[in-house]
Amino acid sequence: MKLTVLGSGTVIPYPKRGNSGYFLQSENHSILIDGGSGALRKIADFGLNYRDIDIITYTHLHPDHCFDFIPLMFSLKHDSLLNRPKSVQIIAPKGFQTYFYQLMEIYGEWVIDDDIQFQIREISEVHIKLNNLIIQSFHTYHTDNSVGYLFVEVEGGKLLYSGDMDYFPEIIKYSKDMDILLLECSFPDDMKRKGHLTPSECGRIASESDVKTLILTHLYPEVLESEIIPQVKKYYSGEVIVASDGLEIEI
Ligand SMILES: [Zn+2]
Ligand SMILES: [Zn+2]
């Protein structure tokens, strides 16, 4: 699989760091993982084709993770280069269906195209197999219904994406055996906020999971202006990558 980071920042404007968004290419699927404002444009900036997206997974409904959904629908509807009919499967936490219908009440025919189907699957903790790709979700400590995801290719790579979350010991059950942990790392150790991870908590999860590579993302300005690596290294001695927009990783 190949992962491209579309946005390694947050909603706070910060140079060269956009809202959350990731593009995962597996053998059979192109998956948009979250997609806050600006993520759609970054897909083109980084040489990827948004028309290939056949699965979208959302971790929660905070705007920095899903605000580009309407731009995506609007774009598909007005794209004469798109092969129709097209079907996109959306895997999202409880509440997305209501969010979708409320958006359709506002935007309706401006974005709806009869030849483009969105199949919404609301989940909490599930295990979905699509060809040779397994997508598994797990509840996270962030919002009532927030989830994180595992993307596991049969005889291939294994990625865990945390979405937004606070530390919880059971995360190790999911993160063990992964090739890569893509963890949110919002605030420095001395500015811990409930519902988000600090660098040392990310290091602790990576160490307890015994993974080879830890990628830190969802970086608020406060953490970017701190010394991130020494905080992680208090617990973890493996490879640490501070994500940047456009980062590409083979999994
Ligand atoms: Zn959030
Ligand atoms: Zn967020």
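Colleague: What counts as a salt bridge here, and how many salt bridges does the count come to?
Modeller: A salt bridge is a side-chain nitrogen of Lys or Arg within 4 Å of a carboxyl oxygen of Asp or Glu. The model is a predicted one. By this rule the count of salt bridges comes to 9.

Colleague: Which residue forms a salt bridge with Arg-51, and which parts of the chain does the pair link?
Modeller: The closest N and O atoms of the pair are 2.7 Å apart, and the cut-off is 4 Å. Arg-51 sits in the loop between α1 and β4, and its partner in the loop between α3 and β5, 28 residues apart. The partner is Asp-79.

Colleague: Is Asp-79 buried or exposed?
Modeller: Buried means under 20% relative accessible area. Asp-79 has 9% relative accessibility, whereas Arg-51 is partly exposed at 27%. Asp-79 therefore counts as buried.

Colleague: Where does Asp-113 lie, and which side chain meets it in a salt bridge?
Modeller: Asp-113 is in the loop between α4 and β6, and its partner is in the loop between α3 and β5, 29 residues apart. Asp-113 is buried, with a relative accessible area of 14%. The N to O distance is 3.1 Å. The side chain that meets Asp-113 is that of Arg-84.

Colleague: How many residues apart in sequence are the parts that Glu-222 and Arg-193 tie together?
Modeller: Glu-222 and Arg-193 form a salt bridge, with closest N and O atoms 3.5 Å apart. Glu-222 is partly exposed at 24%, and Arg-193 is partly exposed at 44%. Glu-222 lies in helix α7 and Arg-193 in the loop between β11 and α6, so the parts tied together are apart in sequence by 29 residues.

Colleague: Which residues are linked with Lys-192 in a network of salt bridges?
Modeller: Side chains of opposite charge can pair when their charged atoms come close. The network that includes Lys-192 also holds Asp-166 and Glu-201.

Colleague: Are the rings of Phe-69 and Phe-96 stacked or edge-to-face?
Modeller: The ring centres are 5.7 Å apart, with 75° between the planes. Planes over 60 degrees apart count as edge-to-face. Phe-69 is in helix α3 and Phe-96 in helix α4, 27 residues apart. The pair is edge-to-face.

Colleague: What is the relative accessibility of Phe-96, and which aromatic cluster holds this residue?
Modeller: Phe-96 belongs to one aromatic cluster with Tyr-58, Phe-69, Tyr-99, Phe-100, Tyr-101 and Phe-118. Phe-69 is buried, with a relative accessible area of 1%. Phe-96 is also buried, and its relative accessibility is 0%.

Methods. Residues numbered from 1 in each chain as written. Chains lettered and ligands numbered in written order. Predicted model: local features only at pLDDT ≥ 70, side-chain atom pairs only at ≥ 80, totals over all residues. Heavy atoms only, no water. Phe/Tyr/Trp six-rings, centres within 6.5 Å; stacked < 30°, edge-to-face > 60°. Helix = DSSP H or I, 4+ residues; strand = E, 2+ residues; numbered from the N terminus. Buried < 20%, exposed > 50% of the residue type's maximum accessible area, 1.4 Å probe, protein only.
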